[in-house]
2 protein chains.
Amino acid sequence: MPYKLWYWPSIQGRGEFVRLALEGAEIAYEDCARSVGEEGLLADLNDRTGRTPFAPPYLELDGLVIAQVANILMYLGERHGLAPSNMADRLWLNQLQLTIADLVAEVHNVHHPVAMMDYYDDQKPEAARAAKQFREARMPKYLGHFENAAQANTGDWLIDHKWSYADTSLFQVIEGLRYMFPKRMKTLEPDYPNLIRIHDQVAELPGIKAYLKSDRRLAFNTDGIFRAYAELDAA
Amino acid sequence: MPYKLWYWPSIQGRGEFVRLALEGAEIAYEDCARSVGEEGLLADLNDRTGRTPFAPPYLELDGLVIAQVANILMYLGERHGLAPSNMADRLWLNQLQLTIADLVAEVHNVHHPVAMMDYYDDQKPEAARAAKQFREARMPKYLGHFENAAQANTGDWLIDHKWSYADTSLFQVIEGLRYMFPKRMKTLEPDYPNLIRIHDQVAELPGIKAYLKSDRRLAFNTDGIFRAYAELDAA
């Protein structure tokens, strides 16, 4: 039986990090809310009892329900060989994924700084201020960190000579930042050759290549985590 | 050789989740920056090469350096029996800890909504707005989730009949929220009897009891994650 993935059906969002790992490894899964819709997702989430997810995405197999992106990826990594098996490497990989999760939370905070449950239109001046510091201070700090991580490995990927879920996650970070901050990324990208190389290698993995051309890959839009608002970007 | 913990020496902050697990299990560690200061911590962090932490806290033992709170706790949990050993339980525990990490990030965002690297005084109106939504919508959502998690177990703790690192982390969440939002917590706490019970049980663990009375436990203050600003609290 294939995995059941539960996530919002109209955005890439946090679910995309899970979709990319599954697609890259060509693991069968059903993206459930693509057929039952957002209402079906909410009904599924609200009907759960016991060990419940706090929020989507969550992954289900044979009664086991796993939530939190880094937790789902750790599980997939161990079970399907998308992660190295020795302890030091596993911890390093999880550490990188958790730092990516921190970046993703900060990206969301850029367009929703003061009220995560209100609209962007209700917090535009605050978002402009948050975006400035994110572009100028946080983006170089995060991207520089991941560039150093890539350089710390002698192989082609973040760890060793085989792609792992943190490589597909970094691909998504670059894609998302290019969509949200095209001017800023044009300025910054030359400083991060190893990151861009990993991004390009991920795009060429057979499973990812097929996925990106399929209708399973949703387009970026202004309902997701990465949002293109021209007024928040600058070189 | 004891563990070396590296974290800001004048705040509880994110490091406190690691300190509490170590203290609860009575594991020997050196809180390095308490002797070498903030400058010593920054020097240590900046001198590192290879697999570097993005930020404190990080834990060091025999050349292995582990960063990200949930990652450190997972390691300590596996190595020192502060976590169950079967896969479903380990994933559930990590999931709870990651949800606590999300809560902690939102708490920080309350007093630093638009510019994490500026002062609170430079963003007080924005913080007031962020605090309102946090108190009214997010606090009940998170605390209700953890209450359900506690109820989902038939034993005395979050998992089974033995405390784990998520129990000590929940203790810290309750402590921090009481310090930052005393009025709001007075309103909400009666709804979460199991959370408060776990909080009280953690406080009675011999290692924690000794720690809380020692000068190793720093007081809460307005430089940390949980900050008591009266204007951000309301019943």
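## Two chains and their contact

The contact takes 48 residues from chain B and 48 residues from chain A, contact meaning heavy atoms within 4.5 Å. This is a predicted model in which local features need pLDDT of at least 70 and side-chain atom pairs count only at pLDDT 80 or more, while totals for chains, interfaces and linings use all residues. Residues are numbered from 1 along each chain as its sequence is written, chains are lettered from A and ligands numbered from 1 in the order in which they are written, and side-chain values use heavy atoms, with hydrogens and water left out.

Between chain B and chain A, about 4,400 Å² is buried. Buried area is the accessible area (1.4 Å probe) that two parts lose on being put together, summed over both. Carbon and sulfur atoms give 56% of the area between the chains. On the chain B side, B:Arg51, B:Phe54 and B:Arg129 lose the most area to chain A, together 19% of what that side buries.

The rule finds six salt bridges across the interface of chain B and chain A. A salt bridge is a side-chain nitrogen of Lys or Arg within 4 Å of a carboxyl oxygen of Asp or Glu. One of them joins A:Arg129 to B:Asp118, with the closest N and O atoms 3.8 Å apart.

The same surface serves both copies: 100% of the contact residues of chain B recur in chain A.

**Domains of chain A.** The assignment gives domain 1 (3–80) and domain 2 (87–205 + 223–232); such bounds come from an automatic or database domain assignment. Their C-alpha centres lie 21 Å apart. The contact takes 16 residues from domain 1 of chain A and 17 residues from domain 2 of chain A. About 1,300 Å² is buried between these domains, 72% of it from carbon and sulfur atoms. A:Arg14, A:Phe17 and A:Leu20 supply 40% of the area that domain 1 of chain A buries against domain 2 of chain A, more than any other three residues. Across this domain interface the rule finds zero salt bridges.

**Cysteines.** Over all chains the structure holds zero disulfides, a disulfide being a pair of cysteine sulfur atoms within 2.5 Å. Buried means under 20% relative accessible area, exposed over 50%, partly exposed in between (1.4 Å probe, protein chains only).

| Residue | Relative accessibility | Class |
|---|---|---|
| A:Cys32 | 3% | buried |
| B:Cys32 | 4% | buried |
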